[in-house]
Amino acid sequence: FLQASLGGIIPNDLIIIGAKTGQGKTGLSTAIAKSVASAGHPVHYFALEAERYEIERRIKYGLISEAYYANGDPNRSPISYTAWRMGKLDVLLGPLENQLEREFIKTCKNLHTLYRISGNFDYRALEKHITKIIGKTKLIVIDHLHYIDTEEDENRDYKRVIKLCRDLVLKHSIPIIVVAHLRKTQGGGKSGAGLISTIEDFHGTSDVPKVATTCIMLSPAFDHAPPDDNKHWWPTYMSVVKSRLEGSRTRYTGMTYFDPHSNAYADY
């Protein structure tokens, strides 16, 4: 859907991915990072919320699940990322995981991940880290904005971060993806004002979407049932709510499906 809507990522893009907690922000940003890295481009991923090696584990599990379900056997036991992560599928998936180790290493060769283990990480720390990788990267992912430390004025500091990102994009022509939370009381879902969240639903300063070139929104499709043959899929609205390149790209919303068995969006 994003490829059809946006045509791709261009060097001067500052892309914001917005969704409420647990609605697939990290899943989508990881999928994009994997795609770019697999194409041979260096990607730097700031995983500020994740546990150490979580992004790599998500990618490895995706390769394993894709191979596991490749033959289309309907009698195969369902698997999940959580069960695999907790070691409950070692006997079932261990041999397959060993076979795919070389492919996994190749896939992640160009992916450079920074995890926040401890200490302060504010906009100054972000600027310091990004300055080090200028000229060494083709895409930066910040996952996510609201895990960057702020001082007394939260909105002021978020504004600083987003403007820092915009300045870096314009000066160095390196696209940046910023993952961001939505307000809890606004937007789509069962209790919200509409099915799909809007630009106004971003948490914090209005400068978050204002300076972005593209805003992508994920919203749970509570009003939609998954296909009969894949009842476990999670229906998700995916919408480009802002595109500075071409405003007409915001006219459409895609009904997408997240497959928890493969920990990825289904090609449907």
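Start your tour at the second largest pocket, whose lining has 10 nonpolar, 13 polar and 5 charged residues. In that tally Ala, Val, Leu, Ile, Met, Phe, Trp, Tyr, Cys and Pro are nonpolar, Asp, Glu, Lys and Arg are charged, and the others, Gly among them, are polar.

Before you click further, keep in mind that this is a predicted model: local features need pLDDT of at least 70, side-chain atom pairs count only at pLDDT 80 or more, and totals for chains, interfaces and linings use all residues. Residues are numbered from 1 along each chain as its sequence is written, and side-chain values use heavy atoms, with hydrogens and water left out.

**Stop 1: the second largest pocket**

The volume here is about 600 Å³. Select Gly22, Gln23, Gly24, Arg58 and Trp234: of the 28 lining residues, these are the closest to the centre of the second largest pocket. Then colour α2, α3, α4 (81-85) and β7 (234-243), the elements that give two or more residues to this lining. Helices (H or I, at least four residues) and strands (E, at least two) are DSSP runs, numbered from the N terminus.

What counts as a pocket? On a 1 Å grid over the protein atoms alone, it is an open set of points where a 1.4 Å probe fits, with protein on both sides within 12 Å along at least five of seven lines; lining residues have an atom within 4 Å of a point. Grid points are joined across faces, edges and corners, and the volume is the space filled by probe spheres set on them.

**Stop 2: the largest pocket**

Now move to the largest pocket, with about 1200 Å³ of space. Its lining has 39 residues, and Leu2, Leu28, Ala31, Ile32 and Ser35 lie nearest its centre. Which element gives the most to this lining? It's α2, with 8 residues. At least two residues each come from α1 (2-6), α2 (25-38), α3 (54-68), β8 (253-259) and β9 (264-265). By class, this lining has 22 nonpolar, 12 polar and 5 charged residues.

**Stop 3: strand β1**

Next, show its neighbours. β1 pairs in the parallel sense with β5 (residues 176-181) over 6 bridges, and with β6 (residues 214-220) over 4 bridges, also parallel. Pairing takes at least two DSSP bridges between strands. Click Ile17: its bridge partner in β5 is Val179, and in β6 it stands opposite Ile216.

**Stop 4**

Find His144 in the loop between β4 (139-143) and α8 (154-172). The peptide bond from Asp143 to His144 is cis, with omega near 0 degrees.

Tyr53 sits in the loop between β2 (43-47) and α3. Its phi is near 70 degrees, positive in a residue other than glycine.

Ser173, in the loop between α8 and β5, has a positive phi of about 55 degrees although it is not a glycine. Ser173 is partly exposed too, with a relative accessible area of 38%.

**Last stop: zoom out**

The protein chain has 9 helices and 9 strands. Of its 268 residues, 50% count as buried.

Technical notes. Buried means under 20% relative accessible area, exposed over 50%, partly exposed in between (1.4 Å probe, protein chains only).
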